[in-house]
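Have the structure open while you go through them.

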Amino acid sequence: MGGAGRAIASRALNLSALVPKADESSDMREESWPLSTHLIVLALAIMVPLLGLAGFALRSSFATERAAAFESTQRMADAVTDSLDREFISVKTILNVLAQDTAFDRGEYRTLYDRAKEGLKGRHGNLALAGPDGAMIFYTRYPFGTDLPPPRLADDVDRDAGKTLSPSLTNLFTGSASQKQLFATVVPIERNGRAAGWLHFTMEPQELATAIAEPALLPGADYILADGAGKVVLTSSKMLASPDMLPASILDAAKGDFGVFETKVGDSPMLVSYRRSALTGWTGYSIIPLAAIEAPLSRLWHDFLITSIIALGLSIIAAFLFSRTMTRPMHELMRAATAFGLGESAPLPHSTLREANLLAETLSEASTTLRTRTDELRQSERRFRLFAERTPDAIWFLNVERDQMDYVSPAFETIWGRPTAELTGMAAWSETIYPDDLAALGGKLELKPSDKQIEYRIVRPDGSTRWVRDTRFLLQASEGQPGVLAGIVRDFTARKEAVDALTAARVEAENRMAELEHLYENAPIGLAVIGTDYRIQRVNDFVVKLSGKPPESHVGQPIFDLLPNMQEAAEGPFEELQKTGRAIRGIEFQARIGSEQEARFWSAHLYPIHGADGTVKCIGIILEDISAEKLHQRELARLAAIVYAANDAMFSASPDGVILNWNPAAETLFQYSDADAVGKPLSMLFPPRADGEHDALMRELKKGESSRIDTELRRKDGKLVPISISLAPIKRGEETIAVSITIEDITERKRSEARQLLMNRELAHRVKNSLAVIQAMARHTLRSSPSPEAFTKAFEGRLQALSTSHNLLTASQWEGAELRDLIREQLAPSGAGTGRLKLSGQRLTLPPGIATSLGLVLHELATNAVKYGSLSVPRGRVEIAWTVDSSGKERRLKLDWREVGGPPVTEPAEKGFGSTLIAHSGRVTQHFDPEGLHCTVEMAFAEDAPPLF
């Protein structure tokens, strides 16, 4: 090819890169932009960054202004809180001075009142002094000495001040007298580490306004001072819906000690700053609508956006007008190229754009070459199509760059059972591949040639599959040009299925043979094959290990030499099997094999092995060792007899709580028969409201572990029975198959424990009462005794009287003492026996408390009678009568003591312990008659009575 030819080819290649093919033009138009768009984008690329920088600078300025507003609102909140702290410190200092004044310690409250009035002169508020119990001593709002109402201050503040002994500031409260909103500075008067009194300086919120320096506010901003509960104390704001309480949106957001946040008050967005006072717990707020901050900034943004839009619009219009001078020749060249592609002629434009003129010359030269090549290509394509339409293999061509099929031969429809129109590219092809094979290929067919032939299955529309072999290679026109992937697909399903079937059959046969061989040799039972002459042909490893002989030594030996005891049991079945050709099962016998010391129980199963003519050629023997089963059956029978005869309720349940069996003792205890209980859930024995113990019982059942639980179960009649339940697992290997349950009725044990507990408590109570009585007796006896010897004698006598009463009560297990026995035992040491003691009254059992008290009274009366009364002379006697009055709300005992035949008596000038004891025993009347003492004692007939002292 000459120089002119090479120039034309070069220009044609350059042209092919610029001018799209007819079938690609629509796609390229969608992906590319016109020149006017590029120029507009260029204008935007210049203007947008400039406007962006301007906007960023403006945004930074806005951020600075906003931060300044945030900082200003925080300073406003700090100023409010600092003013409150200064006022609190000033008042606290004055109150601390008054709290240290010694006039309080001396009780000179009028002096402290005058000093308080003088010290707080010029301050709006009133001072109250309260004692440690909170009772108000004086209040400077009223003249000294005025009756004061109870103070209404916050209890929690007083309580906290009492704990920490630190001054504090209350929240707002309503005054009891003025009914106005007040707050108070509370200072405890500390003495010896405790609060000896309180100083309360109360003020109205508006009186605090002069002390709170109003901060310099931003335009539109307000301040708020709130107490610890969120109540508004002072405010310059009129934006609050409730002037007495901060909105919940502000209280929920102000959690720390200080901060700035945005929230809504009503429907208005607000910027809120706050600082909480560490001294008082009150909080200062500043609040400003966000609109007041952002309105100037919004106007600047609006002006900037209008200016930016105008600048961008002018740039776009200029770019569009300039692009029209460049796009006109390009459009004419495109129309000429389209005509050349259709084989037509068209005029080429000439313009001032150099690139457009060069493109026109190249396009003219290439059109001539294109017509020649097109004729040659049509001839080659006609020959290829003739070949492709006659071959049984599917031939295809794929445009790699676009993943689009350029050509698919008709054989595709025969192999795939689909129209060729469905094969649009590799993605559509991949969807027809069998899922498992597609996964082996990486999930899709790749757009590249394969190093070897690929074999996979395809799925036809009817669900059937075909095996195909795919061979691919790459066709490339020249370097740098997009290639074409070509391929040939052959259907080899029939051959593949035949080979696979043959291979699978061979492998299956080998596997089965290996499995049978392994199973035969390693079976945990004895296996043997004998001939019809009963001689061994083969045994497995189980039989070899039992006999202890080499495997080959068994071949040819009679089976009855190996199993001597089997002959009697199996000889008849052997003959029957050979006649009938049917298997015989379950021939049981006992035999020793090899060197075993004890005979085992065996079960033999016989089965025929037929020859090709259908006759029995050999006999197979299966030997099962059933010794453990036999022993287990015997053990089960023994255990069943034990369970059936047991006195305790015994049964078993599954791990999920279903009753499996039920012994007679269980029927007696729970009143359910065996038919009523077996198969029912154990929960039928639970009370209606089963507690945690029954939940624990079900958990123990499921765990299958030994345990013991004391609880209550319900009988069939609904009565609850206290029981002790023992659980023991029944296992098969590691698996728990059931749980053995033994139940002991512990009703009597529970009753005994309750009685013992009651007796222990009663004993402790009686011992405490007795010790209290003894202690009181010792104290009063010592006080009335002139000498240690007299104390010892009197105290021992009273102890003996107390012991006598206790002996009578102990004999009745402290249920009471009979009155006659009590009188006789208490008067026995005084010599009031037969003839000197007359008793009259009904039989009466006294409760323990009455018996103890009355025993001591009788002892004192008897002692006085021996010393001074009727028992001090031989002819004297004592007459005792009693009655019980049950007409009132409580029963009352009336006991009448009368001394007869003794010396004249007079009322003692001084009362000793005995007289004091008698006087404290109840309603007592004593008459010191000349013929003897007459004493009447009335006592409430309570079940028990407290000690006398």
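1. One term before the rest: contact here means heavy atoms within 4.5 Å. Also keep in mind that this is a predicted model.

2. The overall picture, briefly. The chain has 949 residues, of which 37% count as buried. Its secondary structure comes to 26 helices and 32 strands. If you take the contacts between residues at least 6 apart in sequence, 52% of them join residues at least 24 apart.

3. I'd go to helices α24 (residues 819-827) and α25 (residues 848-867) next. Their axes come within 9 Å and cross at roughly 40 degrees. Angles under 35 degrees would count as roughly parallel, and this pair is therefore oblique. The crossing of α24 and α25 is right-handed. On the α24 side the contact uses L819, L822, I823, Q826 and L827, and these meet A851, L854, G855, L858, H859 and A862 of α25. By class, that makes eight nonpolar residues, three polar ones and no charged ones.

4. How far apart are the ends of α25? Its end C-alpha atoms are 29 Å apart, and at 1.5 Å a residue its 20 residues should span 28 Å, so the two values agree. The helix is mostly covered as well, with 16 of the 20 residues of α25 buried.

5. Now bring in α23 (residues 788-811), which packs with α24 at an angle of about 150 degrees, the axes being 10 Å apart. The crossing of α23 and α24 is right-handed. A801, T804, S805 and L808 of α23 make this contact with D821, L822, E825 and Q826 of α24. Sorted by class, there are three nonpolar, three polar and two charged residues in it.

6. α23 also packs with α25, at an angle of about 145 degrees and with the axes 9 Å apart. This crossing, too, is listed as right-handed. From α23 come G797, R798, A801, L802, S805, H806 and L809; from α25 come P848, A851, T852, G855, L856, H859 and E860. The contact of α23 with α25 divides into six nonpolar, six polar and two charged residues.

7. Still in helix α23, have a look at F791. Is this residue buried or partly exposed? F791 has a relative accessible area of 21%, which makes it partly exposed; the cut-off for buried is under 20%. F791 and T781 are 10 residues apart in sequence, yet their C-alpha atoms are 6.3 Å apart in space. Setting aside residues up to four places away, F791 touches A778, T781, L782 and S785.

8. Two backbone spots to check. Most residues other than glycine have a negative phi. Y534 is not a glycine but has a positive phi of about 70 degrees. Y534 sits in the loop between β17 (526-531) and β18 (536-539), and counts as buried because its relative accessible area is 15%. Q671 is the second case, also a residue other than glycine, with phi near 70 degrees. You'll find Q671 in the loop between α19 (664-670) and α20 (674-677). At 34% relative accessibility, Q671 is partly exposed.

9. H554 belongs to the loop between α15 (541-547) and α16 (559-562). With a relative accessibility of 4%, H554 counts as buried. What is H554 in contact with, leaving aside neighbours within four places in sequence? The partners are I536, V539, V544, S547, K549 and L562.

10. Last one: R469, in strand β15 (residues 465-475). This arginine is buried, with a relative accessible area of 18%. R469 and Y456 are 13 residues apart along the chain, with 6.9 Å between their C-alpha atoms. Apart from neighbours within four places in sequence, R469 is in contact with Q453, I454, E455, I488, V489, R490, F492 and R495.

Technical notes. Residues numbered from 1 in each chain as written. Predicted model: local features only at pLDDT ≥ 70, side-chain atom pairs only at ≥ 80, totals over all residues. Heavy atoms only, no water. Axes fitted to C-alpha atoms, helices over the stretch in contact; angles between N-to-C directions. Helix = DSSP H or I, 4+ residues; strand = E, 2+ residues; numbered from the N terminus. Parallel < 35°, antiparallel > 145°, perpendicular 65-115°, else oblique. Left-handed = near helix turned anticlockwise from the far one by under 90°. Nonpolar A, V, L, I, M, F, W, Y, C, P; charged D, E, K, R; others polar. Expected span 1.5 Å × (residues − 1). Buried < 20%, exposed > 50% of the residue type's maximum accessible area, 1.4 Å probe, protein only.
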